[in-house]
Amino acid sequence: MASTKEILSEKLLLWLNKYIEENYSSKYLIDILIPKSYISKLPNDNIKKIPNYTSFDFKPDLLGILQSKEDSNIVKLIFVNRSPNSLSLKEIGEIICYSRIANPEEAFLISPKALANEVNLILLDKTTQTNVLSYGDKFVKIGKFDGERVLHIFPR
């Protein structure tokens, strides 16, 4: 029997496929997977085109790989981490750390229960929100999954 996390991953895989198709398919070839090992160890030639990929000794729950249709050497990543429980600072810390190392095109943290109350209160302050969720010039996007769609919560 599949665990709650596995069921959530499978549903989010469908959502991510649709999201990437709608937003990136005109410019990129798309590959989406649930990594079985660290990104640095995946047998994917496109990942090997990313500078410093050997330092990516972590695995997001879902991984989107985008290869430019114009220049096959341009490869971008999309990370999705998920939790069946309310999101805490621990989950935020994990995805922000991954994102600061790999600088994905987009990074998502998603739960059907959204944020724990204390985290929600922390992130209401705009300065704190920027400090906690930013990597480079981008932000980790936190969302609530309703079974089909991801409802955007942060950043606001």
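Helices (H or I, at least four residues) and strands (E, at least two) are DSSP runs, numbered from the N terminus. This is a predicted model, in which local features need pLDDT of at least 70 and side-chain atom pairs count only at pLDDT 80 or more, while totals for chains, interfaces and linings use all residues. Residues are numbered from 1 along each chain as its sequence is written, and side-chain values use heavy atoms, with hydrogens and water left out.

**View 1. Ser134 sits in strand E5.** Ser134 counts as buried because its relative accessibility is 17%, where buried means under 20% relative accessible area, exposed over 50% and partly exposed in between (1.4 Å probe, protein chains only). The Ser134 side chain reaches the backbone oxygen of Thr130 at 2.7 Å. If neighbours within four places in sequence are set aside, Ser134 is in contact (heavy atoms within 4.5 Å) with Ile96, Arg100, Gln129 and Phe139.

**View 2. Ring pairs join Phe56, Phe58, Phe79 and Tyr98 into a cluster.** Welcome to the aromatic rings: the structure holds seven aromatic pairs. Rings of Phe, Tyr and Trp (its six-membered ring) pair if their centres lie within 6.5 Å; planes under 30 degrees apart count as stacked, over 60 as edge-to-face and the rest as tilted. Phe56 and Phe58 form a tilted pair, because their ring centres are 5.9 Å apart and their planes stand at 35°. Both of these residues are buried.

**View 3. Phe58 and Phe79 meet edge-to-face.** The planes of these two rings stand at 80°, with the centres 5.9 Å apart, so the pair is edge-to-face. Phe58 lies in the loop between strand E1 (28-33) and strand E2 (62-68), and Phe79 in strand E3 (residues 75-82), so the pair ties together parts that are 21 residues apart in sequence. Phe58 counts as buried at 6% relative accessibility, and Phe79 is buried with a relative accessible area of 0%.

**View 4. The largest nonpolar core has 31 residues.** A nonpolar core is a set of buried Ala, Val, Leu, Ile, Met, Phe, Trp, Tyr and Cys residues joined through side-chain atoms within 4.5 Å. The members that touch the most others are Phe56, Leu63, Phe79, Ile92, Leu115, Leu123 and Ile142. Two or more residues come from each of E2, E3, helix H2 (89-102), strand E4 (106-111), helix H3 (117-123), strand E6 (138-145) and strand E7 (150-154). H2 gives the most to this core, with five residues. Apart from this core lies another, of 16 residues, among them Trp15, Leu16, Tyr19 and Phe145.

**View 5. Leu123 is in contact with residues including Ile92 and Phe154.** Let us look around this one residue. With neighbours within four places in sequence left aside, the contacts of Leu123 are Ile92, Leu115, Gln129, Val132, Leu133, Ile142 and Phe154.

**View 6. Stepping back, the protein has four helices and seven strands.** From the N terminus on, these elements run α-β-β-β-α-β-α-α-β-β-β. Buried residues make up 46% of the 156 residues. Among contacts with a separation of 6 or more, 62% come from residues 24 or more positions apart. The C-alpha atoms fill a box of roughly 45 × 40 × 30 Å, taken along the principal axes.

Notes
Polar contact = N/O pair within 3.5 Å; in protein donor to acceptor, adjacent residues only side chain to side chain.
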